[in-house]
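Subject: Structure for your review

Hello,

Here is the structure for you to look over. My notes on it follow below.

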Amino acid sequence: MANEKEGIMVPQPALGGRKRRATRRKSSRRTEEGYLSSGDEYTGDLMETYVGQCGALAGLGVKAEDVFSVDVWENRLTESEREHLRRFLPPGSRDQRNKMIRKLLTGEDVFFGNPREKFWNEVVSGCTHPRVRRWKQRVILIQKKHYLLSMREYMISFRNHVLAMKNALTEEDVKALTIERPSQDGQYQAAQWDEERKRCVENFRKQEEDRYSQPERAYKFEYRGRYGIVAPLKRGPLARGARPREHPLLKSDRPSCVTILSLVRDAACRLDDDKGSRNEIIDLLKDSQYLAEDVEEKHLGAAVSGALDRLNSEDDPCVRYINQSKLWQYIHNDRDL
């Protein structure tokens with residue numbers, strides 16, 4: 001329809017336009033089956049809704065023992081209802097399930113808390129509403145995806161870092177970083193260890209023979225200008241020629257008093273400044289002549305970790321773990337022989 005007075009065409013609103021817009025706006029809201037809610041599911045009477053009932057319980061000061069009790073279980077519920085609720089308990093005999101029920105309904109603590117009080121607090125606060133529970137499940141899924149993405153980013157950055165380091169190294173650098181194990185006759189196959197390290201290892205092996213020739217006595221190692229003191233072995237003097245126990249990490253022709261525990265103690269006492277990481281202890285352990293050939297690094301690391309834990313749990317521990325620095329400390333070097 002046109003405006004004849006001014007000669008300007010003015011478009012008129014189409015009939016039913018507001019109704020269609022309102023319909024589109026209403027349809028854009030997702031229903032209760034989705035994850036958005038407009039609040040239309042609540043009735044006019046607040047006490048007929050879940051939120052209203054929870055608020056009333058909190059306002060009246062109703063406690064968990066007023067609702068979940070042995071009296072309610074035995075006198076207010078039918079046998080079919082009790083049997084239905086028993087299905088949600090962990091598997092077990094009927095007597096075991098009845099004991100579980102009494103523990104729950106009497107308010108006893110289970111492990112680190114009272115499950116009845118925890119559940120009641122969630123009910124009163126509205127955390128058990130189906131919509132709230134769905135949101136919690138979605139939060140868990142989002143956190144899991146975020147964790148997986150962060151791990152993926154870390155792996156990519158770590159791979160790029162390793163590739164950059166690999167490209168920067170020459171063949172001579174790689175050979176210099178390679179450490180080859182000694183052969184069966186005790187001689188080194190290549191000159192990957194420098195001369196000073198070779199002299200230290202040869203000197204240590206002579207001391208190691210002397211140390212295990214008299215295992216019932218304390219011993220003082222000399223290594224790189226410093227001293228390391230180890231306690232006598234608890235087994236005491238052993239019969240000469242006794243057969244040692246078989247161990248996948250140790251040579252079979254070793255003295256019978258040589259164990260992975262004693263070798264780890266000998267390695268820990270030679271740490272610089274009496275402190276070092278597990279990898280440093282493993283590196284010092286490789287100096288021993290009683291270590292078997294071609295031992296996998298993962299098996300050696302697992303054995304050293306177990307030995308350090310055992311040494312730390314003894315009545316008179318010779319090592320202790322420092323949480324702040326993540327290092328192991330040897331604490332017997334200040335003792336006298």
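How many contacts beyond four places in sequence does the model have for residues 1-8? For residues 1-8 there are six, and pLDDT stays under 50 over them. Contact means heavy atoms within 4.5 Å, and pLDDT is the predictor's confidence in each residue, from 0 to 100. Residues 181-192 also have pLDDT under 50, with 27 contacts beyond four places in sequence. Where pLDDT is low, the predicted coordinates should not be read in detail. The mean pLDDT of the protein chain is 77, with 74% of its residues at 70 or more.

This is a predicted model, in which local features need pLDDT of at least 70 and side-chain atom pairs count only at pLDDT 80 or more, while totals for chains, interfaces and linings use all residues. Residues are numbered from 1 along each chain as its sequence is written, and side-chain values use heavy atoms, with hydrogens and water left out.

Arg270 lies in the loop between helix H11 (260-268) and strand S5 (275-276); helices (H or I, at least four residues) and strands (E, at least two) are DSSP runs, numbered from the N terminus. Arg270 has 3% relative accessibility and therefore counts as buried (under 20% relative accessible area; exposed is over 50%, partly exposed in between; 1.4 Å probe, protein chains only). Its side chain reaches the backbone oxygen of Asp266 at 3.1 Å and the backbone oxygen of Leu284 at 3.1 Å. Beyond four places in sequence, Arg270 is in contact with Phe204, Tyr223, Arg226, Leu284 and Asp287.

Phe112 sits in the loop between helix H6 (94-106) and helix H7 (115-125). Phe112 counts as exposed because its relative accessibility is 81%.

Regards

Methods. Polar contact = N/O pair within 3.5 Å; in protein donor to acceptor, adjacent residues only side chain to side chain.
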